[in-house]
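Reader: Before we discuss any labels, could you show me the sequence and the model, so that I can ask how each description is reached?

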Amino acid sequence: MPSSYANLLSPLDLGFTTLKNRVLMGSMHTGLEEMPDGYDRQAAFFAERARGEVGLIITGGYGPNRAGRLAPNSDYIAPDQNLDGHRKITDAVHREGGKVALQLLHGGRYAHHKEIVSASAVPTRINPVVAREMTTQECYQTIEDFGTAAKLAKQIGYDGVEIMGSEGYLLTQFTAPRVNHRTDEFGGTPENRRRMPVEAVRNARQKAGKDFIIIYRLSALDLVEGGSSLDEVIALAQAVQAAGASIINTGIGWHEARIPTIAHMVPRGAFTWAVKRIKPHLGIPLVYSNRVNNPAQAEAILADGVSDMISMARPLLADADFMKKTRLGKAEEINICIGCNQGCLDNAFTGKLTTCMVNPRACREVELNIAPVKAPKHYAVVGAGPGGMAFAATAAEHGHKVTLYEAASELGGQFNLAKIIPGKEDYAETIAYYDAMLRKFQVDVRLNCRAAVEDLTGNKYDAVVLATGITPRTPEIPGINHPKVLSYLDVLAGRKPVGKRVAILGAGGIGFDVAEFIMHPHGASDPAKPDIARFNEEWGIDGDYANVAGLSPRGMNMPCDKQVWMLQRKPQGKFGSTLSKTRGWATFVEIMMRGVAMIGDAEYIKIDDRGLHFRTGGKDQVLEVDTIITCTGQEPLRELEAGLRKAGMAVHLIGGADEASELDAVRAIEQAVRLVAAEA
Ligand code: SF4
């Protein structure tokens, strides 16, 4: 065992059972749960993670009764339900030597159906349906239902349950005065407000018996007005412990909080300070979650005494073998989660199947498998961006010979631009991962090498994969060649200086990235040295936890030394509409707080020494700016294609070279992996 991961790799003895290491795979609702063959697919998904040696797996959330289910078609755990399918999950995990707990999640006012209930009928901005207040009798029945569901979970083979009491779901709605306005024994005093979760745990322990893992997921920090104080959080944790919990997991922030908690701009380990305050008050294992994505960081958190275990969810989507590679001392081969949310949460929150940008096989374990290669080919891949690297590494891993051409001096393509955007520094991890894989599988990498048709033809290769990416589109505006006009590539790759007064043309993902790049006073930082104090200061978080829910009375404070206007041809209300569903809002809030002005319905007239002339709402205006940055789309770069086809080469286009409308690394990497599978 490498001594550097001594804490992370040490077993956790729970008395009646032992977990093989200190990593818990956090619950994720992947969408597999609702698929017709969902149990088979979940079994394959979880078995792969068990094989990858994670200590304990938590399933996606299942309601403990009908009212608590998340969506109209969601299954729930009750005696009237056929639960046989769960056996496929538990058997598959156990066959791989793993352990798995079922998450019992009552959605309360966050569920998406018409029968939703809560502590009180308090609307939330994230659900158009207002929940009905539960009667006192329904509260007692819900406690019984949690207990019955735990007993059923044990009968169908689970090693335990996790009772979900964080992120703003039902149990949190009871504990916090924000939603709990009740006057019966479930409302009013802190003791009454915690009655529901504490009795749910007690009932689960009574009904499931003693040799069964019961995890309570505690909201360590609510980050919403009307949330719980630190004293209340500690008192709840202690009461849950006394009621029979085996482990306390933690969660940060309600879903309706205005502070990002897992998005890319959240520094690694951003909330360890909150969990560390709870630890001394407990005698059972405590788990830290949120923005832990590599074993060295996880080890450091454990060594620092923040918690006894680490929960990781997305990092185990990105790499099922995270813990196995850690144990084998191959951390550099871990495909690191970069916090983009694009393949996982964005899909989950728009009703699509979860997957992962950097691992397209995630949640597709039964369909996206690459058969052993019978007749190896020699591929030339042109372009070492995410798609090109993914194809080269995957093809070489499965037995093909690959030569990778890259005109630049480094691997990474567009990810080299992403990694310098403040908050997106982790994109460098994907480049480092593919660098390690290209070496491991002996890809012939030729940097500083701009491939020509003659390099790729003449029987040297069996096929060519063009992953040549895109070139920025230049808008047709009189004066577009004025020296004050820069393309986004000039700014991000060329690092050309930008003035104090700036107009950004275009409000797609790249426009927002450029705004973050030029408006952020500190620029990109080293993710291994997270500046949590600055994050707290900017987002209005009270790092001393002296205020209720950890909210600072000072509010947000995001300075900027530039004056920036962002313009788009689309109407004003459509600003940010193409951004990520689950992290775009935080980017939007951030640049608004830094003072960007947004102008929609803009018709660009001309650019001259005065600045940008444009028309909006029928009125001509001039923005007297120093710099105008064009972020107005891109064109595919595929100039080699015609010559290669003429020479009779087999040519495959992937990524931006195939489709440039929106830069989309999820599609590029998936195309690459699917192409390898199709060619096998
Ligand atoms: Fe992580 Fe992005 Fe993959 Fe989600 S899609 S697991 S955030 S790398």
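Reader: Into which domains is the chain divided?

Author: The chain is divided into domain 1 (3–348), domain 2 (378–471 + 635–679) and domain 3 (474–521 + 559–632), with bounds that come from an automatic or database domain assignment. This is a predicted model, in which local features need pLDDT of at least 70 and side-chain atom pairs count only at pLDDT 80 or more, while totals for chains, interfaces and linings use all residues. Residues are numbered from 1 along each chain as its sequence is written, and side-chain values use heavy atoms, with hydrogens and water left out.

Reader: What describes the contact between domain 1 and domain 2, and how much area is buried there?

Author: The centres of domain 1 and domain 2, taken over C-alpha atoms, are separated by 39 Å. The contact (heavy atoms within 4.5 Å) takes 15 residues from domain 1 and twelve residues from domain 2. Buried area is the accessible area (1.4 Å probe) that two parts lose on being put together, summed over both, and here the value is about 1200 Å², of which carbon and sulfur atoms give 52%. On the side of domain 1, His264, Glu333 and Ile338 lose the most area to domain 2, together 44% of what that side buries.

Reader: Why is the pair of Tyr140 and Phe186 called edge-to-face?

Author: Rings of Phe, Tyr and Trp (its six-membered ring) pair if their centres lie within 6.5 Å, and planes under 30 degrees apart count as stacked, over 60 as edge-to-face and the rest as tilted. The centres of the rings of Tyr140 and Phe186 are 5.0 Å apart and their planes stand at 70°, so the pair is edge-to-face. Tyr140 lies in helix H3 (residues 136–155) and Phe186 in the loop between helix H4 (170–175) and helix H5 (190–193), so the pair ties together parts that are 46 residues apart in sequence; helices (H or I, at least four residues) and strands (E, at least two) are DSSP runs, numbered from the N terminus. Ring pairs also link Tyr140, Phe174 and Phe186 into a cluster, and the structure holds twelve aromatic pairs.

Reader: Which of the words buried, partly exposed or exposed applies to Tyr140, and which to Phe186?

Author: Buried means under 20% relative accessible area, exposed over 50%, and partly exposed in between (1.4 Å probe, protein chains only). Tyr140 has 37% relative accessibility and therefore counts as partly exposed, whereas Phe186, at 0%, counts as buried.

Reader: What makes the pair of Phe415 and Tyr427 edge-to-face?

Author: The ring centres of Phe415 and Tyr427 are 4.9 Å apart and the planes are at 65°, so this pair is edge-to-face. Phe415 belongs to helix H14 (residues 415–418) and Tyr427 to helix H15 (residues 427–440), twelve residues apart, and the pair links these distant parts of the chain. Both Phe415 and Tyr427 are buried.

Reader: Why does Asp222 count as buried, and where is its place?

Author: Asp222 is found in the loop between strand E9 (213–221) and helix H7 (230–242), and its relative accessibility is 2%, so it counts as buried. Leaving aside neighbours within four places in sequence, Asp222 is in contact with residues including Thr172, Trp254 and Ala549.

Reader: Why is Leu236 called buried?

Author: Leu236, which lies in helix H7, has 7% relative accessibility and therefore counts as buried. Not counting residues up to four places away in sequence, Leu236 touches Thr175, Arg194, Pro197, Val198, Tyr216 and Leu218.
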